[in-house]
Amino acid sequence: MKIKIIEKNQIRCAVICDNKKVITNVQSAMDVLISAIYEAKTSNVVIDKKLIIEDFFILSTGLAGEILQKFINYGGRVAIFGDYSHYTSKPLKDFIYESNRGKSVFFVATEEEAVDMLTR
């Protein structure tokens with residue numbers, strides 16, 4: 001896993017880069033956050049949804065809730081970018097909508113939007 005650092009408005013973000021899934025369970029998600037904190041000196045994580053196991057986006061698995069709660073408990077903020085248009089689940093769409101109204105978890109289309117959400 002590589003981390004690209006982007007700084008905007010004097011706020012640092014760790015953009016996670018890889019060719020394979022880096023978040024497959026709660027422990028791997030925590031590894032991403034800890035790496036961002038120690039390597040990039042930030043708890044603001046930007047990640048492409050392609051790097052997250054698909055079960056995360058099936059809310060009935062409970063994986064998204066468990067991972068995101070851990071992130072928040074440890075002071076992390078995350079912006080996940082990608083195409084969400086193919087999802088038909090109303091609960092997932094509601095979850096994304098509500099998350100985007102908060103301050104810690106965001107679901108957006110592009111990396112640039114992800115950085116914007118974490119640095120405003």
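How many cavities of 30 Å³ or more does the structure hold? The model, which is predicted, holds one cavity of 30 Å³ or more.

## The cavity and its lining

The largest cavity has a volume of about 40 Å³, and its lining is made up of Ile23, Ile47, Ile52, Phe56, Ile67, Leu68, Phe71, Val78 and Ile80. By residue class, this lining divides into nine nonpolar residues, with no polar and no charged ones.

Two elements, α2 (63–73) and β4 (77–81), each contribute at least two residues to the lining of the largest cavity. The largest share of that lining, three residues, is supplied by α2.

## The nonpolar cores

The largest nonpolar core has 30 residues, and those with the most contacts inside it are Ile47, Phe56, Phe57, Ile80 and Phe107. At least two residues of this core come from each of β2 (11–17), α1 (26–40), β3 (44–48), α2, β4, α3 (90–100) and β5 (105–108), while α1 provides the largest share, seven residues. Apart from this core lies another, of 11 residues, which includes Val46, Ala79, Val115 and Leu118.

Ile80 belongs both to the lining of the largest cavity and to the residues with the most contacts inside the largest core. When residues up to four places away in sequence are left out of the count, Ile80 touches Ile47, Lys49, Ile52, Phe56, Phe57, Phe106, Phe107 and Val108.

## Salt bridges

A search of the whole structure finds five salt bridges, one of which pairs Asp116 with Lys8, their closest N and O atoms being 2.1 Å apart. This pair links distant parts of the chain, since Asp116 lies in helix α4 (residues 111–118) and Lys8 in strand β1 (residues 2–8), 108 residues apart. Asp116 counts as partly exposed because its relative accessibility is 27%, and Lys8, at 32%, likewise counts as partly exposed.

Within helix α3, the side chains of Lys90 and Asp94 meet in a salt bridge with an N to O distance of 2.9 Å. Because Lys90 and Asp94 are four residues apart in this helix, about one helical turn separates them. Lys90 is exposed, with a relative accessible area of 56%, whereas Asp94 counts as partly exposed at 36% relative accessibility.

A further salt bridge joins Lys20 to Asp18, with the closest N and O atoms 3.7 Å apart. Here Lys20 is exposed, its relative accessible area being 53%, and Asp18 is partly exposed, with a value of 25%.

Technical notes. Residues numbered from 1 in each chain as written. Predicted model: local features only at pLDDT ≥ 70, side-chain atom pairs only at ≥ 80, totals over all residues. Heavy atoms only, no water. 1 Å grid on protein atoms, 1.4 Å probe; cavity = no way out; pocket = protein on both sides within 12 Å on 5 of 7 lines; lining within 4 Å. Points joined across faces, edges and corners; volume = space filled by probe spheres on them. Nonpolar A, V, L, I, M, F, W, Y, C, P; charged D, E, K, R; others polar. Core = buried A, V, L, I, M, F, W, Y, C linked by side-chain atoms within 4.5 Å. Buried < 20%, exposed > 50% of the residue type's maximum accessible area, 1.4 Å probe, protein only. Contact = heavy atoms within 4.5 Å. Salt bridge = Lys/Arg side-chain N within 4 Å of Asp/Glu carboxyl O.
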